[in-house]
Amino acid sequence: KIDLKFSNAANYLELGYQKEYEEQLIIEEITPKLKLKIQVGTSESLQYIDSKNLNYDKNLIEIAEIYSDMSDFYKHNLEKNQFSFYFSDTNDHIVVTDSYEVLNWEILNEQKIINGFTCYKAIGRIEENNMKGSIVKEEIFAWFSPEVSLNIGPGMYGGLPGLIFEISTTRNTYTLDSIENN
């Protein structure tokens, strides 16, 4: 079991997730190499795409980031369940802050080992309006481990009794592939 205690705001835990794509994307070679990074502190997490080690044209990387379905930067207030999305558009920076409800998860009796941790399966169900105004229902599948005392994961997914190691939506799958204590 990993219990996380932070002595001051300078300490954080960095989580790395690899995203798998089910759709064929225009920037097929670059997009799968993008890595979602999450830095977790006591009251907030910062999520961003790490593309600094890619040896491609900057414009191609930016296009790949757009196709990856991620904003430039997320700031997640863990206490208020608020997300701030930071977007760059040329020289302007746009910030959108919104609150959200934590998913009501159903924890199933399935287990699997991910990166040496025993993980349990959970299903979250959401309903949201699509661009046509219709209500779309979606099931989110998560594998979490109570061995790591964080109740977060990629994006706005969290609220389980442990760190999310893998999460699948109808479009994407994120799998935790690194944990670094900085």
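**Burial and aromatic pairs**

Analyst: Phe165 counts as buried, because its relative accessibility is 0%. Please keep in mind that this is a predicted model.

User: Which strands hold Phe117 and Phe165, and how many residues apart in sequence are the parts that the pair ties together?

Analyst: Rings are taken as a pair if their centres lie within 6.5 Å. By this rule the count comes to 2 aromatic pairs. The ring centres of Phe117 and Phe165 are 5.0 Å apart with the planes at 45°, so this pair is tilted. Phe117 belongs to strand β8 and Phe165 to strand β10, so the pair ties together parts 48 residues apart in sequence. Tyr120 and Phe144 form a tilted pair as well, with 6.0 Å from centre to centre and 45° between the planes. Here Tyr120 lies in strand β8 and Phe144 in strand β9, so parts 24 residues apart in sequence are tied together.

User: Is Tyr120 buried, exposed or partly exposed?

Analyst: Buried means under 20% relative accessible area, and exposed means over 50%. Tyr120 has 26% and is therefore partly exposed, whereas Phe144, at 2%, is buried.

User: In what sense do strands β10 and β11 pair?

Analyst: Strands β10 and β11 pair in the antiparallel sense over 3 bridges. They form a hairpin with 3 residues between them, and Glu166 has Thr175 in β11 as its bridge partner.

Methods. Residues numbered from 1 in each chain as written. Predicted model: local features only at pLDDT ≥ 70, side-chain atom pairs only at ≥ 80, totals over all residues. Heavy atoms only, no water. Pairing = 2+ DSSP bridges. Helix = DSSP H or I, 4+ residues; strand = E, 2+ residues; numbered from the N terminus. Phe/Tyr/Trp six-rings, centres within 6.5 Å; stacked < 30°, edge-to-face > 60°. Buried < 20%, exposed > 50% of the residue type's maximum accessible area, 1.4 Å probe, protein only.
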